[in-house]
Amino acid sequence: MKFIKNHLMFILPLMAILLGIEFYLVFDRTTDSYEKGLKEGYSMFVVSKKPMTLETFKALNSHIDSSETIRRQDVVKDIVKGISKDNEKEILKALPYFYNVGLDSYVDTAELEKIKADLEANADIKRVETFGSSYSSAYRLFAFIKFTLKLFIGFMGIVSLFLIIKQMEIWKYAHKRRMQVMEIFGAPMMLRSGVLFKVAIADAIVATLITAMIFLYIKFQWAAQSGIEIMMKNQEDLFRLSDIAILLGAALVIVIVAVYSVVFSSSGVEE
């Protein structure tokens with residue numbers, strides 16, 4: 001029972017870190033598609049004196065990715081109702097040209113203002129409407145969620161790492177007699193600490209497999225039956241085989257750092 005408890009005291013904090021890493025990977029992948037949706041759903045409104053091409057817009061700012069001409073007939077269709085064709089032509093002739101301009105990425109509000117300034121610097125452009133208020137609100141919410149998640153994962157990782165190091169110190173004292181004997185016979189520090197590495201690496205593999213199984217269950221069982229649209233739409237992003245390599249690599253780095261921190265924290269095994 002004590003054996004299981006000692007291993008759980010190491011595996012659970014390590015799993016907390018691995019779950020945080022995997023949650024971040026999943027969040028990053030799913031928000032990429034959300035960010036893409038926000039980018040595709042956003043466009044600036046540009047009014048110009050002359051017809052303008054996409055190349056002209058791109059020359060003004062490299063973030064501009066697309067432009068769509070708004071038919072002037074559609075803009076004035078309610079105004080010209082009931083008037084003669086000649087007058088309608090005169091009105092259309094006097095009208096400027098209208099465009100919906102799309103961007104290549106979901107830029108921050110400062111960059112959005114720069115794009116507006118670059119466009120307005122052109123003498124042929126009369127006005128640029130960025131709809132900055134709604135854009136800024138959505139961007140700030142999006143940025144706040146990402147920042148909060150990173151902060152939470154970072155805090156959880158630090159606390160868990162301290163718990164892992166604490167457990168490693170307990171193991172060190174549990175094996176101190178064997179390590180003392182090896183030290184007496186002149187064994188190098190790495191060889192004396194071999195037992196700690198073996199136990200830590202074994203638990204790192206166990207923690208990685210349990211974390212992977214949790215997310216595989218979420219991907220193939222829970223997500224499909226959850227009824228949550230964002231989970232069902234992004235089911236493929238919930239876990240990838242490459243994540244196992246990332247988790248195992250992170251787990252091994254953490255346990256190696258923990259072992260080294262305990263081994264080098266004292267000059268030798270205490271009596």
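The model is predicted: local features need pLDDT of at least 70, side-chain atom pairs count only at pLDDT 80 or more, and totals for chains, interfaces and linings use all residues. Residues are numbered from 1 along each chain as its sequence is written, and side-chain values use heavy atoms, with hydrogens and water left out. Four strands build an open, antiparallel sheet. A search of the whole structure gives five aromatic pairs. UniProt, in an unreviewed entry, lists four spans as "transmembrane region".

**The sheet**

- The strand order is E2-E3-E1-E4. Helices (H or I, at least four residues) and strands (E, at least two) are DSSP runs, numbered from the N terminus. Two strands pair if DSSP finds at least two bridges between them.
- Strands E2 (64-70) and E4 (125-129) are the edges; each has a single partner strand, so one side of each has no neighbour in the sheet.
- Neighbouring strands are turned by 25 degrees against each other on average, direction ignored. Axes are lines fitted to C-alpha atoms, for helices over the stretch in contact, and angles run from 0 to 180 degrees between N-to-C directions.
- Five bridges join E1 (residues 44-48) to E3 (residues 97-103) in the antiparallel sense. Ser-48 sits opposite Tyr-97 in E3.
- E2 and E3 also run antiparallel, joined by six bridges. Here Ile-64 is opposite Leu-103 in E3.
- E3 is mostly covered, with five of its seven residues buried. Buried means under 20% relative accessible area, exposed over 50%, and partly exposed in between (1.4 Å probe, protein chains only).
- Helix H5 (residues 109-120) lies across E1, E2, E3 and E4, at about 10 degrees to E1. Contact means heavy atoms within 4.5 Å.

**Annotated spans and helix H11**

- The UniProt "transmembrane region" spans are residues 6-27, 147-165, 195-218 and 238-263. UniProt positions are given in the numbering used here, feature names are shortened, and annotations may be inferred rather than shown by experiment.
- Residues 6-27 are 100% helix and 0% strand, with end C-alpha atoms 32 Å apart.
- Residues 147-165 are 100% helix and 0% strand, with end C-alpha atoms 27 Å apart.
- Helix H11 (residues 241-263) has 23 residues and spans 34 Å from first C-alpha to last, close to the expected 33 Å. The expected span is 1.5 Å times one less than the number of residues.
- Buried residues of H11 include Asp-243, Leu-247, Ala-251, Ile-254 and Val-262.

**Aromatic pairs**

- Five pairs are found in the whole structure. Rings of Phe, Tyr and Trp (its six-membered ring) pair if their centres lie within 6.5 Å; planes under 30 degrees apart count as stacked, over 60 as edge-to-face and the rest as tilted.
- Phe-23 and Phe-215 are edge-to-face, 5.3 Å centre to centre with 70 degrees between the planes. Phe-23 lies in helix H1 (residues 2-41) and Phe-215 in helix H9 (residues 194-226), so the pair ties together parts 192 residues apart in sequence.
- Phe-23 is partly exposed at 45% relative accessibility. Phe-215 is buried, at 3% relative accessible area.
- The rings of Phe-57 and Tyr-99 are edge-to-face, because their centres are 5.4 Å apart and their planes stand at 70 degrees. Phe-57 is in helix H2 (residues 54-60) and Tyr-99 in strand E3, 42 residues apart. Phe-57 and Tyr-99 are both buried.
- Phe-23, Phe-215 and Phe-239 are linked into a cluster by ring pairs.

- Glu-22 belongs to helix H1. At 0% relative accessibility, Glu-22 is buried.
- Beyond its neighbours within four places in sequence, Glu-22 is in contact with Arg-29, Phe-215, Leu-238, Phe-239, Asp-243 and Leu-247.
- Glu-22 and Ile-244 are 222 residues apart in sequence, yet 9.4 Å apart in space, C-alpha to C-alpha.
- Asp-237 is in the loop between helix H10 (229-233) and H11. Asp-237 is buried, at 15% relative accessibility.
- Leaving out neighbours within four places in sequence, Asp-237 is in contact with Val-26, Arg-29 and Thr-30.
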